[in-house]
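Dear colleague,

Please find below the structure that I am handing over to you. A short account of what was found in it comes after the sequence and coordinates.

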Amino acid sequence: MVTPASPVQTHTSTPLGTVRLAATPLGLCGLWFDGQRHLPAPLDGPSAWAQAPHHPLLREAAAQLLQYLHGERTQFALPLDLAWGTPFQQAVWQALRCIPVGQTTSYGALARAVGRPAAVRAVGAAVGRNPLSVVVPCHRVLGQDGSLTGYAGGLERKAALLSLEGSLPPGRTPLTGAPA
């Protein structure tokens, strides 16, 4: 795993809560909801990263995220820096980027897509460590039975994102993801 350059960060308000955005010189390296599990833990840590609310990439990422959440955009056009992941995690994150808007997949199908069909749990762990929530669409991965499982940003957010994309599993409510 390569350690990226120390990121700069900013926070932005969204309809799904406050988000921390982080960028290195190579691209956007983080998008985490407040309270999200699995925040990065490099030696300097996010609390030591410089605040850069006027950074051009962070401003563009915030604008595109809000457009997406308001239904005005379906794809992100941002340079990404996924260097924090292991090669396996990076392969999983790249596979996530191939799931089209409005579609979902299972952890098992994702494991097969990365050539590791027996590594379903490891794929699930890599999905959970995705540093770019929403932009790298880990919310599009469901349990084998179509259930809403595991989302580091919370199942309510996962349900809201799937509802926005028109792919919330039948019988689920968009605000909680719970059975209707």
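Predicted model: local features only at pLDDT ≥ 70, side-chain atom pairs only at ≥ 80, totals over all residues.

Residues are numbered from 1 along each chain as its sequence is written, and side-chain values use heavy atoms, with hydrogens and water left out.

Helices (H or I, at least four residues) and strands (E, at least two) are DSSP runs, numbered from the N terminus. Helix H2 (residues 87-96) packs against helix H4 (residues 120-128) at an angle of about 75°, and their axes are 9 Å apart. Axes here are lines fitted to C-alpha atoms, for helices over the stretch in contact, and angles run from 0 to 180 degrees between N-to-C directions. H2 is therefore roughly perpendicular to H4 (65 to 115 degrees; under 35 is roughly parallel, over 145 roughly antiparallel, and the rest oblique). On the H2 side, the contact (heavy atoms within 4.5 Å) is made by Phe88, Gln89, Val92, Trp93 and Leu96, and on the H4 side by Ala122, Val123, Ala126 and Val127.

Within H4, Val123, Ala126 and Val127 are buried (under 20% relative accessible area; exposed is over 50% and partly exposed in between, with a 1.4 Å probe and protein chains only). Seen down the axis of H4, its buried residues fall within an arc of 100°, so they line one face of the helix; the arc is that of the directions from the helix axis to the C-beta atoms. Their cover includes H2 and helix H3 (107-113).

The loop between H4 and strand S6 (141-142) holds arginine 140, which is buried at a relative accessible area of 5%. A polar atom of the arginine 140 side chain lies 2.6 Å from the backbone oxygen of isoleucine 99. Beyond its neighbours within four places in sequence, arginine 140 touches residues including Pro100, Leu162 and Glu165.

Valine 134 is in the loop between H4 and S6 as well, and is buried at 2% relative accessibility. Its phi is near 75°, a positive value in a residue other than glycine. Most residues other than glycine have a negative phi.

Aspartate 81, in the loop between helix H1 (56-69) and H2, is buried at 5% relative accessibility. Its side chain makes a polar contact with that of threonine 24 (2.5 Å); such a contact is a pair of N or O atoms within 3.5 Å, where, within protein, one must be able to donate a hydrogen and the other to accept it, and residues adjacent in sequence count only if both atoms are side-chain atoms. Aspartate 81 and cysteine 29 are 52 residues apart in sequence and 4.8 Å apart in space, C-alpha to C-alpha.

Yours sincerely
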